[in-house]
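Here's a quick briefing to read with the model open beside you. Take a look at the fold, then come back for the details.

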Amino acid sequence: MFPGWMEIVDSAVPDASRTHSDERALVALVDQYATILYRVAFSVLRNPTDAEDAVQEAFLRVLRHRDTLGEIRDHRVWLIRIVWNVVLDRKRRAKSRPETEDIADLARVLPANGLSAEERVSAAQHHAQVLACVERLPAKEREVLMLSAFDELSSVEIAAVLGVTESSVRSRLFRARNLMAELLNRPRSVR
Amino acid sequence: MTAIPRNPVNDSSARAGEETLRLIATLPAPEGLEDRIKARLESTPRRVLFWPLDWPGGAVMHGSAVRAAAAAAIVFVVAGGGWGIYTRVQPAARSNVMAMPPRVNPAGGFSSAGAMRTPQTLNGPVVTHQVNEAPAPTKEMLSGAPAMEKSHRTKATQRKQAENRSAAR
């Protein structure tokens, strides 16, 4: 019979060269942005496994639309926006686990170099209190505050990730900081 | 970088809170993250099943033409197979007479369900006196002649004998 009948051969794809270049571009994106995507995912999910899964899911979405990679102007913001949506979807679905466990776990994970054991406990309690206050913020203000913690992101880029204007980002961040200050100064009086 | 206004009154408290978020944002990613993501991307099926473009004889066919020919071949095979089965396997001829179950009561109505009708009858005659004994069988009767003829001949013989007797007197 004919050699290669009904075989899967990469070289026979009509636009094989373009496909290979897309795959190379995708690998380059993984090398360049996987770390920041993981940190963005972890800041919301607060679980290493979930964060890695979210990053993988984000890159799988990119793989499905790899043909449009050439049309993207800013790959970093585009990828952060994808992983941000993935993370928010996952957090919305996974409401079974109480937030207090996440906060306690995360407070222990945060670095406390050069501190004594007593200071570490105090720092962990402070982190837990801050995270609890963040959770009590309105969603829009909380999202802006969390993204502003990333030094790599400017207010323009945060606006692009969230799909709002830059002025909205500024006003939301202003409100978020005021609310955080109130919550941290009077944690039990404000709800 | 981020250039966002700060409220000086709450600046210290907010900054202390944001420091925690900044610590979270700078946590290092796990080792081998990129490799695992690449491995998963490579394991994702994204190849397309297709037919070879170079056929024996040197004829080069375009992908769309090959697909159209393949689709036509599949349709031909399926339709031809169906037609072959249709022409070879004929359904059994149906008889013109339809078998119907026998009607129990053709005139309709209720049936007797097999019950036998027994009419009511009067009592038979009762014999009050004893009947005379039957005459002894004659030779003719014993020889097999019909009983009526025997009795008839007997009466005729008796009548002749009686006439002879009266004539002799």
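Predicted model: local features only at pLDDT ≥ 70, side-chain atom pairs only at ≥ 80, totals over all residues.

Residues are numbered from 1 along each chain as its sequence is written, while chains are lettered from A and ligands numbered from 1 in the order in which they are written.

**Overall fold**
- Chain A has eight helices and zero strands (DSSP runs, H or I of at least four residues for helices and E of at least two for strands, numbered from the N terminus).
- Of its 191 residues, 33% are buried (20 or more other C-beta atoms within 10 Å of the residue's own, with C-beta atoms placed from the backbone).

**Confidence**
- The pLDDT (the predictor's confidence in each residue, from 0 to 100) averages 80 in chain A, and 77% of the residues score at least 70.
- Residues 1–13 of chain A come in below 50.

**Helix 6 and its partner**
- Helix 6 (residues 139–148) of chain A has seven of its ten residues buried, so the rest of the structure largely encloses it.
- Among those buried residues are Glu141(A), Met146(A) and Leu147(A).
- In chain A, Glu143(A), Val144(A), Leu147(A) and Ser148(A) of helix 6 meet Ile158(A), Val161(A) and Leu162(A) of helix 7 (contact means C-beta atoms, placed from the backbone, within 7 Å).

Note on methods. Buried ≥ 20, exposed ≤ 12 C-beta atoms within 10 Å, placed from the backbone. Contact = placed C-beta atoms within 7 Å.
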